[in-house]
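Visitor: I'm new here and would like a tour. Could you show me the model, so that I can ask about it?

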2 protein chains.
Amino acid sequence: MSERLPVAVDAMGGDNAPGPVVAAAKIASEEFGVPVLLVGDPDRLGDVDGIEILPASEVIEMGADPAGSVRRLKDSSIVRAAEAVRDGRASSMLSAGNTGAVMAASLLRIGRIRGVSRPAIAVPFPVIDSTPTTLLDCGANADCQPEWLVQFARLGTAYARTRFGLEHPRVGVLTIGEEAGKGNALVKATCELLEDGQWASDCGANYVGNIEGDQLMAGVADVLVCDGFTGNVALKSLEGAFAIFRKALRADLATNTELAPVLPQIAAVTEPWFNFFDSGQTGAAMLLGTKGISMISHGSSSEMVLANAIRTADEMATADIVTSFRQSLVAGP
Amino acid sequence: MSERLPVAVDAMGGDNAPGPVVAAAKIASEEFGVPVLLVGDPDRLGDVDGIEILPASEVIEMGADPAGSVRRLKDSSIVRAAEAVRDGRASSMLSAGNTGAVMAASLLRIGRIRGVSRPAIAVPFPVIDSTPTTLLDCGANADCQPEWLVQFARLGTAYARTRFGLEHPRVGVLTIGEEAGKGNALVKATCELLEDGQWASDCGANYVGNIEGDQLMAGVADVLVCDGFTGNVALKSLEGAFAIFRKALRADLATNTELAPVLPQIAAVTEPWFNFFDSGQTGAAMLLGTKGISMISHGSSSEMVLANAIRTADEMATADIVTSFRQSLVAGP
């Protein structure tokens with residue numbers, strides 16, 4: 001059995017980095033027993049409790065131009081983390097930093113799997129009493145071609161199987177009408193390709209056709225494909241609306257004198273639901289289609305959310321999800 | 001002063017029609033003093049309390065093919081309502097029925113305003129302590145051209161001014177990156193057109209550039225333009241997620257024995273917020289760009305929501321919003 005490689009964690013990425021990231025690395029290492037390689041400036045990381053450090057002197061800021069930064073900042077934590085994956089020094093990487101830079105570094109340093117035109121960002125959306133529905137692409141590719149969406153369907157199938165244990169994931173297309181043939185030009189062309197069952201039998205998917213936005217979190221599909229523009233707008237709209245709702249409801253409850261004595265009991269009911277619907281609190285996004293595992297967390301992620309993401313990265317590496325992606329892309333006999 | 005025309009209300013449209021529609025017509029007529037013309041099968045409407053009826057023997061079902069139904073079912077309530085607007089017998093129309101059929105009937109019977117390539121569906125999204133942010137297109141046009149989005153920006157400006165009293169509405173583009181030049185090909189081309197300030201000075205808009213999905217309900221713009229595919233996915237995703245959240249939270253609270261004594265007090269805090277975020281409870285959508293006023297309510301709308309939509313239709317007619325649309329589309333001096 002081969003040595004278990006560490007998860008390369010971008011210590012400099014995230015709204016309050018490196019604090020929460022280092023804390024997450026400690027939790028993952030000490031409590032979950034996951035080997036971690038912290039990537040960043042050793043002088044800025046503080047006490048890391050003996051966790052191995054891969055030095056990187058530069059930082060790609062959150063708002064920086066992704067591709068240009070990756071080219072220019074060769075000693076940045078994101079680039080070094082991607083190189084650690086490429087060089088077999090880490091099993092996977094995780095960053096809560098600049099999403100575009102993680103994508104660019106993964107593409108340029110780790111490279112695409114054969115048969116993948118463009119990697120896609122997969123985000124699991126929570127479903128009550130069930131496994132999540134994974135939406136992809138959530139922002140890697142603003143404009144897509146139908147063939148890419150078929151690749152996303154294949155990649156998503158392997159992801160749902162490895163990540164959530166679903167042997168034959170239900171795969172649908174996010175669109176604006178339930179009937180076949182409804183949608184925009186991209187969806188219509190994609191559906192024509194997907195209705196040919198060969199891809200589904202190749203990868204073991206259960207194709208379920210068109211799904212509307214109101215069913216995104218209703219548990220009617222395990223994987224939903226869409227272009228990265230639509231997916232990102234849906235993801236961010238939900239994030240924003242729930243954050244606004246949470247803040248308003250919390251403030252109203254907190255100032256209600258009648259309810260003051262039972263506020264903790266109310267919070268015990270409401271807060272878990274808010275956390276459940278808060279995508280920043282749920283599983284990290286994963287870039288599907290490169291020859292390595294790149295996970296992307298929300299910049300505002302708490303240390304526990306990051307620690308869970310590190311564990312997921314380790315689990316996906318142990319399960320050899322990249323091999324599953326490769327197999328899922330190959331045409332059947 | 002000309003006679004105040006009634007609002008033509010499709011009595012047969014909606015999940016439980018005609019019951020809630022007739023009840024809404026009574027509220028609008030008796031409590032709000034809005035003249036109503038109920039369009040539908042007189043034998044199925046029950047007691048209408050003396051409200052005028054325009055007979056229509058056919059019904060376009062919710063799932064029916066829109067354009068085909070409008071062509072075939074000439075005596076349907078939706079077609080007759082649109083004709084009442086066209087013929088100057090009604091000031092406006094409202095339906096909670098088949099959205100596509102309302103669009104098709106409006107286009108075919110009422111017709112487009114000169115300068116409008118395609119009408120768009122405008123939906124006001126609630127903003128806390130502020131006027132709503134109107135998103136268009138929310139589903140009329142799955143594929144759009146950049147020029148159409150500029151028309152949407154002009155139409156949306158007139159809508160926000162007339163409907164919400166905003167003299168110089170802030171108009172933005174819904175996209176996936178805050179920086180100029182971020183987005184898909186459609187957004188990039190649209191932004192190039194919008195950055196030329198002429199359209200904004202023509203119609204008195206305040207162009208605010210790119211807005212991301214998480215700002216949709218944050219009150220940073222009064223009007224947001226996008227293609228109808230993206231708008232519909234965003235609208236439906238939010239509707240679906242809030243409905244699921246509401247149901248889950250209600251069920252958990254209802255079965256919590258500790259909180260049982262204060263359930264009504266908790267509901268007094270939570271329910272208004274759920275209603276606030278529930279687009280089925282807020283203002284009806286309006287089709288912008290035809291030579292008449294067509295409003296579209298959610299099929300599940302309650303009688304009070306429908307009554308409010310009837311009042312809004314009447315107000316928009318009284319304010320002569322169609323003339324505002326026409327003026328907003330004309331190039332300045």
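Predicted model: local features only at pLDDT ≥ 70, side-chain atom pairs only at ≥ 80, totals over all residues.

Visitor: Which residues of α11(B) make the contact with α5(B)?

Guide: Contact means that C-beta atoms, placed from the backbone, lie within 7 Å. From α5(B) come B:Gln151, B:Arg154, B:Leu155, B:Thr157, B:Ala158, B:Arg161 and B:Thr162. On the α11(B) side the residues are B:Ile321, B:Ser324, B:Phe325, B:Ser328 and B:Leu329.

Visitor: At what angle do α5(B) and α11(B) pack?

Guide: Helices here are DSSP runs (H or I, at least four residues), numbered from the N terminus. α5 covers residues 146-164 of chain B and α11 covers residues 321-329 of chain B, with axes 9 Å apart. Axes are lines fitted to C-alpha atoms over the stretch in contact, and angles run from 0 to 180 degrees between N-to-C directions. The angle is about 140 degrees.

Visitor: Is B:Trp199 buried or exposed?

Guide: B:Trp199 sits in helix α7 (residues 198-203) of chain B. The rule is 20 or more other C-beta atoms within 10 Å for buried, 12 or fewer for exposed, and partly exposed in between. B:Trp199 has 22 C-beta neighbours inside 10 Å, so it counts as buried.

Visitor: How far apart in space are B:Trp199 and B:Val150?

Guide: Leaving out residues up to four places away in sequence, B:Trp199 touches B:Val150, B:Ala153, B:Arg154 and B:Leu194. B:Trp199 and B:Val150 are 49 residues apart in sequence, but C-alpha to C-alpha they are 8.0 Å apart.

Visitor: Which helix gives the most to the side of chain B that touches chain A?

Guide: The contact takes 43 residues from chain B and 43 residues from chain A. On the chain B side, the elements giving two or more residues are α8 (228-254) and α9 (263-277). The top contributor, with 17 residues, is α8(B).

How values were computed: Residues numbered from 1 in each chain as written. Chains lettered and ligands numbered in written order. Contact = placed C-beta atoms within 7 Å.
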